[in-house]
Amino acid sequence: MTKQTGIAGRFGPRYGSSLRKKWKEIMERRYDEHVCPFCRTTGSVRRVASGIWYCRKCETKWAGYAYTPS
Ligand SMILES: [Zn+2]
C-alpha cells in the first residue's frame with residue numbers, strides 16, 4: 001500500500017522537476033528578445049502563432065520555427 005506511493009513519491013517529483021525545468025526553458029525562450037533576420041532589430045520580434053513571427057519594426061511576417069524565429 002505504502003510501497004506504491006513510495007515509488008511514485010521517489011521517482012515522480014524527480015522526473016517531474018526535470019520535465020518542468022525543460023518546459024520552463026522552452027517557455028522562457030519563447031519570450032526571449034529575438035533578432036529580426038530582416039532589419040536586425042532586437043526586441044521587436046514577436047511570435048504571433050506557432051512558427052509565425054512578426055517584426056514590429058519593419059512589419060515583416062515570416063515563417064520560422066515554433067520557438068525561435070529562424
Ligand atoms: Zn524587422
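Leaving aside neighbours within four places in sequence, Cys55 is in contact (heavy atoms within 4.5 Å) with Cys36, Cys39, Ser44, Val45, Thr60 and Trp62. This is a predicted model, where local features need pLDDT of at least 70 and side-chain atom pairs count only at pLDDT 80 or more, while totals for chains, interfaces and linings use all residues. Residues are numbered from 1 along each chain as its sequence is written, and side-chain values use heavy atoms, with hydrogens and water left out.

- Helices (H or I, at least four residues) and strands (E, at least two) are DSSP runs, numbered from the N terminus.

**Record annotation**

- An unreviewed UniProt entry annotates Cys36, Cys39, Cys55 and Cys58 as "binding site".
- They span 23 residues in sequence, yet no two of their C-alpha atoms are more than 8.7 Å apart, so they gather at one spot.
- UniProt positions are given in the numbering used here, feature names are shortened, and annotations may be inferred rather than shown by experiment.

**Exposure of the cysteines**

- Buried means under 20% relative accessible area, exposed over 50%, partly exposed in between (1.4 Å probe, protein chains only).
- Cys55 is buried, at 0% relative accessibility.
- Cys39 is partly exposed at 28%, and Cys58 is partly exposed at 29%.
- Cys58 lies in the loop between S2 and S3.
- Beyond four places in sequence, Cys58 touches Cys36, Phe38 and Cys39.
- The disulfide count is 0, where a disulfide is a pair of cysteine sulfur atoms within 2.5 Å.

**Aromatic pair**

- The structure holds 1 aromatic pair.
- Phe38 and Trp62 form it, edge-to-face, at 5.2 Å centre to centre with 65 degrees between the planes.
- Phe38 is in the loop between H1 and S1 and Trp62 in strand S3 (residues 60-63), so the pair ties together parts 24 residues apart in sequence.
- Rings of Phe, Tyr and Trp (its six-membered ring) pair if their centres lie within 6.5 Å; planes under 30 degrees apart count as stacked, over 60 as edge-to-face and the rest as tilted.
- Trp62 is buried, with a relative accessible area of 10%.

**Ser44**

- Ser44 belongs to the loop between H1 and S1.
- Ser44 counts as buried at 7% relative accessibility.
- Not counting residues up to four places away in sequence, Ser44 touches Tyr54, Cys55, Arg56 and Lys57.
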